[in-house]
Amino acid sequence: MNAGTRSTPAPVVATGLGWPEAEPSGPASAAAGIRATDLGWPDDDATGDAADQLPAVPRETQAAQAAPTTGAPAAAEEQTPRVSRETGPAKADAAAAPPAPPASAGLDSPLASKLRDEARRRKELAALPLPRPATTRVITVANQKGGVGKTTTTVNVAAALATQGLRVLVVDMDPQGNASTALGISHQSGQHGIYDVLIEDMPLGEVVQTSPTSPRLLCAPATIDLAGAEIELVPMEQREFRLRRAIRAYLEQGGDRLDYVFLDCPPSLGLLTVNAFVAAAEVLIPIQCEYYALEGLSQLVTNIGLVQDHLNPQLQVSTILLTMHDARTNLSREVAAEVREHFGDKVLRTTIPRSVRISEAPSHGETVITYDPGSTGALCYLEAAAEIASQDDRERDRG
Ligand SMILES: Nc1ncnc2c1ncn2[C@@H]1O[C@H](COP(=O)(O)OP(=O)(O)O)[C@@H](O)[C@H]1O
Ligand SMILES: [Mg+2]
């Protein structure tokens, strides 16, 4: 758990992996990926890691052309236009569209084998309809570190479940409103949102909107007004229970049953996050596979314990998801191994790779599930959602 016991950035850089000294961010990490290809292809990416090494399947032809000259699939993904947006037949049913390997990729090339692997995984997903949970599962997505993939995970897992036929509500608890943006829901200041529910006792149903990308995907948006709620809640009665009360009333009002409610938390452990912990039975913690990933995790687990003891004994950490994983780097592998050692089978087998497609989807008001259903990022989030949906009820009860 102590990040200080792992190798420091300096030796990692010294290995020539191209890992940037500063904390990586989107384009910088893509650049790192390009440098890293000097090392050749990884041979252990069968679990879907390092998607940026390879282009999304519908972009196969151009990627195949790019690969021999650059040897840099990440570069191929960056350079390739969004062919799959226009031509991809899989928009309606992402999991059910196994792509064919490109004719130009040699049968034994890493690209061809990657494409075969992805085609197989899509077939497996399509053959496995997701079970509906016995009762609505309310899951808080939390990590007080910012930028670890909470919002990205919330909206993509929610969209993946909705694509597979389940009814899902996302409650945006972050004043930034990033989840609302990614789901194509407007959230300008002055509009009704989760602020009105928490502070003004407005029924949740009055702020819930349907995402334009799916009739089964609902969102209670956050406006910037929510930033003030952290303070306004302090003197209020039952201040930790306000979201829980609103969600319960919403679930009990009848109509089509929701299968999942995801609560996207802000990067803090304040009253908004506490409200989310009290309203949920499960916590999903996204962990970014980078150097400082594990710092602060013990504080998060301690806080969850305090909520269990004093406010919500039902609460369990049910799921850990490794995000922005890059199988080419020792650092990613070390973080993943350490997290798995600590959290055991709560850690999903699926890891989410760094992917340009995932990061650019929100600017189009979409998740990667609809923005580029043929991409590796979409496939990985569909797999993560399938794993979450198949978590056994008894296991969850056991914690
Ligand atoms: N798998 C990924 N690959 C590439 N970029 C990602 C990935 N996951 C998240 N990002 C980007 O990282 C940034 C932080 O992610 P976000 O989900 O907003 O984190 P948080 O909600 O924890 O603050 C965003 O710009 C997002 O687009
Ligand atoms: Mg966020």
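The model is predicted: local features need pLDDT of at least 70, side-chain atom pairs count only at pLDDT 80 or more, and totals for chains, interfaces and linings use all residues. Residues are numbered from 1 along each chain as its sequence is written, while chains are lettered from A and ligands numbered from 1 in the order in which they are written.

I begin with the ligand. Ligand 1 is surrounded by 17 residues, the closest being Gly147, Lys150, Thr151, Thr152 and Ser359; a residue counts as near if its C-beta atom, placed from the backbone, lies within 6 Å. Helix H7 (150-163), strand E7 (316-325) and helix H15 (356-360) each contribute at least two residues to this shell, and H7 gives the most, with three. Helices (H or I, at least four residues) and strands (E, at least two) are DSSP runs, numbered from the N terminus.

Strand E7 leads us to the sheet. Eight strands form an open sheet with mixed pairing, in the order E3-E4-E2-E5-E1-E6-E7-E8; two strands pair if DSSP finds at least two bridges between them. Strands E3 (209-210) and E8 (347-353) stand at the edges, each with a single partner strand, so one side of each is left without a neighbour in the sheet. E7 pairs with strand E6 (residues 282-288) in the parallel sense over seven bridges, and Leu322 in E7 is the bridge partner of Ile287.

Finally, the helix pair. Glu118, Arg121, Arg122 and Leu125 in H6 meet Thr376, Leu379, Leu382, Glu383 and Ala386 in H17, where contact requires C-beta atoms, placed from the backbone, within 7 Å.

Notes. Two residues are in contact if their C-beta atoms, placed from the backbone, lie within 7 Å.
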